[in-house]
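Please look over the model shown here.

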Amino acid sequence: GLGCGVRESIQLSKCSRSSTLFGNFKSHRCGINIQSKKSHNNDRRSCVVSMVKDVESLSETEATLEPLLTESGLWTAYVKASTIFTNLFPLWTVLVAALALKQPQLFTWLTTPFFTGALALLMLSMGITLSPSDFVRVFKRFGAVGVGFIGCYALMPVLSLALGKGFNLPPDMLAGLVLIGAVNGGQASNLCTYIARGNVALSVMMTTATTLGAIFMTPLITKLMIGAVVPVNAAGIAVSTIQVVLAPIAIGMWMNRFANSVVKKILPFSPVVGVISTCLLVGSSVAQCASDILAAGLQLQVATALLHILGGIFGYFLPRVLGYNEIVCRTTAIETAMKSSAFGFLLASLHFGSYGVRVPPAVSIVWMALIGSSLAVMWRYIPVNQKFKFDRSLANKKSILDPFLKPKKSDEST
């Protein structure tokens with residue numbers, strides 16, 4: 001994903017380079033190998049003699065270290081630049097969307113096959129950060145992950161249907177809005193959670209759970225909720241979900257398990273690739289529907305914006321009522337508000353006969369990025385004074401409804 005593994009992969013790469021650099025320097029200074037160190041562990045004098053004998057080779061050592069230092073400097077510059085580039089992801093999304101609206105011909109080359117490949121590449125970048133132990137943690141912390149799952153596949157579909165009917169959208173655009181509510185959480189939520197000082201690990205687990213759940217939930221919800229409005233190819237949606245979501249994630253996990261050395265080398269570049277892929281998906285989606293987006297007017301814009309705004313509000317207060325702490329509430333709010341609108345656009349393009357179904361997902365891509373990043377920036381400057389970083393045990397939870405449901409001690413004594 002965009003946010004998951006960013007700091008970990010960068011730190012890992014920096015540490016490995018630093019340890020290599022230090023190891024080379026140390027071995028040159030001592031002029032002995034590890035085996036000789038073990039054999040002369042108690043003989044410090046021999047090490048000193050070896051160091052004196054190697055004084056003449058110090059110039060050669062410096063020559064060896066110089067390219068390593070230069071490489072380290074370049075790597076540090078890349079880390080800083082890529083971090084800034086990744087953190088500005090919402091800005092790039094909005095700029096690309098505006099450019100696609102004004103000059104859609106710039107993105108017409110990204111046809112459906114290329115669009116599918118870019119989305120699969122984004123899923124692959126998420127898969128290489130995952131391992132089977134991540135799914136073990138999902139089941140261990142199933143409470144908080146379950147709340148996010150309910151927000152994604154129960155709350156958002158109901159909200160999208162209610163808003164579509166409330167704003168009296170045409171049947172095809174109503175179907176497109178419900179499709180947004182029925183898809184999985186977006187990978188950009190991991191980055192926004194990090195910016196908001198939420199729980200990134202929990203965000204990754206929620207995104208993983210909803211992404212895998214999309215194989216069953218998205219076809220089921222669309223068939224049940226809008227099957228009577230427009231024709232829905234539920235089987236085709238399921239097959240596309242397996243091809244675009246499950247297969248790349250499985251390949252990424254396989255690479256992480258059996259080609260870990262390769263993954264460690266490419267992992268620091270994964271967030272940058274993810275941002276570029278997402279921007280291309282945004283540009284292509286908006287460009288293909290540019291005229292329809294402009295013609296849809298304020299009605300569709302307000303309905304789509306409210307879907308993400310209300311999703312964030314309900315996504316925050318639902319875990320709050322259930323007794324989870326502030327960090328979990330922020331994480332769940334961002335996960336609920338930010339949907340994989342690009343995936344919804346792909347499904348609309350492949351499996352819905354009406355062209356208008358793909359317009360709401362294209363509009364949603366922009367609003368999703370704006371609202372998710374706004375929540376992240378707002379919460380970044382609101383401090384969190386929490387002792388617990390994750391969801392608490394049932395015994396330690398304290399719901400905001402407790403004052404109304406539990407009698408006070410003074411009342412009990414009387």
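In this predicted model, the charged end of K339 sits over the ring of Y153, 5.4 Å from the ring centre. R257 does likewise with F258: its charged end lies over that ring, 5.0 Å from the centre.

Aromatic rings also pair with each other. The count comes to eight aromatic pairs. Two of them involve W75, as tabled here.

| Pair | Centre to centre | Angle between planes | Type |
|---|---|---|---|
| W75 and Y78 | 5.4 Å | 35 degrees | tilted |
| W75 and F269 | 6.0 Å | 75 degrees | edge-to-face |

W75 and Y78 are three residues apart in helix 4 (residues 58-87), so about one helical turn separates them. The pair of W75 and F269 links distant parts of the chain, 194 residues apart. F269 is in the loop between helix 13 (260-266) and helix 14 (270-288). Ring pairs link W75, Y78 and F269 into a cluster.

Y78, at 22%, counts as partly exposed. F269 is partly exposed too, at 37%.

Helix 18 (residues 359-380) has 22 residues and should span 32 Å; its end C-alpha atoms are 32 Å apart, which agrees. Helix 18 bends by about 25 degrees at I365.

Now the confidence. The protein averages a pLDDT of 76, and 74% of the residues score at least 70. pLDDT stays under 50 over residues 3-42 and over residues 47-66. Where pLDDT is low, predicted coordinates should not be read in detail.

Notes
Residues are numbered from 1 along each chain as its sequence is written. This is a predicted model: local features need pLDDT of at least 70, side-chain atom pairs count only at pLDDT 80 or more; totals for chains, interfaces and linings use all residues. Side-chain values use heavy atoms; hydrogens and water are left out. Helices (H or I, at least four residues) and strands (E, at least two) are DSSP runs, numbered from the N terminus. The expected span of a helix is 1.5 Å times one less than its number of residues. The bend at a residue is the angle between axes fitted to the seven residues ending there and the seven starting there. pLDDT is the predictor's confidence in each residue, from 0 to 100. Contact means heavy atoms within 4.5 Å. Rings of Phe, Tyr and Trp (its six-membered ring) pair if their centres lie within 6.5 Å; planes under 30 degrees apart count as stacked, over 60 as edge-to-face and the rest as tilted. Buried means under 20% relative accessible area, exposed over 50%, partly exposed in between (1.4 Å probe, protein chains only). A charge sits over a ring if NZ of Lys or CZ of Arg is within 6 Å of the ring centre and within 35 degrees of the ring normal.
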